[in-house]
Amino acid sequence: MQIKRFKKKIRYYLNKKHIEWENACKKCGLCCYEKEHTSHGIIINLKKPCTYLNIETKECTIYLKRFNIYNKCAKMTVFHAFFSRYLPKTCGYIQKYRKWQIFSFPHLND
Ligand code: SF4
Ligand code: SF4
């Protein structure tokens, strides 16, 4: 009985953390465009969205199956939240997890 209750609590906690993690995303879609290295740093090319991005809603059209369908889709991790140079400074994960601003962030290019 005790173990059942413990498992239930763990499941509840993990589910809560998962929801918090997903909610950090502002659904801006900016991480779903091609990035280019230039002499000014990394640029997000707004003319080149991922094939699976709905540019009207800014949502991924294959979200739940994205890692199975598109092998170039990179999973957002805590490591990315802290260190990725490819995310815009407006990204919800950057704003939540990276309080310091020592890295350069990509510019937008449309
Ligand atoms: S497959 Fe990945 S990169 Fe493409 S739109 Fe979906 S989440 Fe973005
Ligand atoms: S750039 Fe950040 S906030 Fe915007 S969709 Fe990507 S992960 Fe979410």
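Colleague: Which residue in strand 5 does Ile43 stand opposite?

Modeller: The model before us is predicted. Strand 2 covers residues 41-49, and three bridges join strand 2 to strand 5, the two running parallel. Within strand 5, the residue opposite Ile43 is His107.

Colleague: Which residue in strand 2 does Glu36 stand opposite?

Modeller: Strand 1 comprises residues 33-38 and runs antiparallel to strand 2, with six bridges joining them. In this pairing, His37 has Ile42 as its bridge partner. Glu36 stands opposite Ile43.

Colleague: How many residues lie between strand 1 and strand 2 in their hairpin?

Modeller: In general, strands of a sheet pair through backbone hydrogen bonds, either parallel or antiparallel. Here strand 1 and strand 2 are antiparallel. The hairpin that they form has, between its strands, two residues.

Colleague: Why is one side of strand 1 and of strand 5 left without a neighbour in the sheet?

Modeller: The open sheet has three strands in the order 1-2-5, with mixed pairing. Strand 1 and strand 5 each have a single partner strand, so one side of each has no neighbour in the sheet, and their position is at the edges.

Colleague: How many of the 22 residues of helix 1 are buried?

Modeller: Helix 1 spans residues 2-23, and from its first C-alpha to its last it reaches 32 Å, close to the 32 Å expected at 1.5 Å a residue. Helix 1 lies largely in the open, because the number of its residues that are buried is zero.

Colleague: Is Ile94 buried or exposed?

Modeller: Ile94 belongs to helix 4, which covers residues 92-97. Its C-alpha atom is separated by 9.0 Å from that of Phe83, 11 residues apart along the chain. A residue needs 20 or more other C-beta atoms within 10 Å to count as buried. Ile94 has 20 such neighbours, so its class is buried.

Colleague: Is Lys27 buried or exposed?

Modeller: Most residues other than glycine have a negative phi. Lys27, in the loop between helix 1 and strand 1, has a positive phi, near 60 degrees. Since 12 other C-beta atoms lie within 10 Å of Lys27, its class is exposed.

Colleague: What is the phi of Lys58 near?

Modeller: Lys58 is located in the loop between strand 3 and strand 4. Lys58 counts as partly exposed because it has 14 C-beta neighbours inside 10 Å. Its phi is positive although the residue is not glycine, and the value is near 65 degrees.

Colleague: How many charged residues are in the shell around ligand 1?

Modeller: Ligand 1 is surrounded by residues including Cys32, Cys50, Cys60, Cys73 and Arg66. The shell divides into eight nonpolar residues, no polar residues and, as for charged residues, one.

Colleague: How many nonpolar residues does the shell around ligand 2 have?

Modeller: Ligand 2 is surrounded by 13 residues, and Cys25, Lys26, Cys28, Cys31 and Cys91 are the closest. Two residues of this shell are polar and two are charged, while the nonpolar residues number nine.

Colleague: In which strand is the confidence lowest?

Modeller: The chain has a mean pLDDT of 90, with 94% of its residues at 70 or more. Where pLDDT is low, the predicted coordinates should not be read in detail. Confidence is highest in strand 3, at a mean of 98, and the lowest mean, 73, belongs to strand 5.

Methods. Residues are numbered from 1 along each chain as its sequence is written. Chains are lettered from A and ligands numbered from 1 in the order in which they are written. This is a predicted model: local features need pLDDT of at least 70, side-chain atom pairs count only at pLDDT 80 or more; totals for chains, interfaces and linings use all residues. A residue is near a molecule or strand if its C-beta atom, placed from the backbone, lies within 6 Å of it. Ala, Val, Leu, Ile, Met, Phe, Trp, Tyr, Cys and Pro count as nonpolar, Asp, Glu, Lys and Arg as charged, and the others, Gly among them, as polar. Two strands pair if DSSP finds at least two bridges between them. Helices (H or I, at least four residues) and strands (E, at least two) are DSSP runs, numbered from the N terminus. The expected span of a helix is 1.5 Å times one less than its number of residues. pLDDT is the predictor's confidence in each residue, from 0 to 100.
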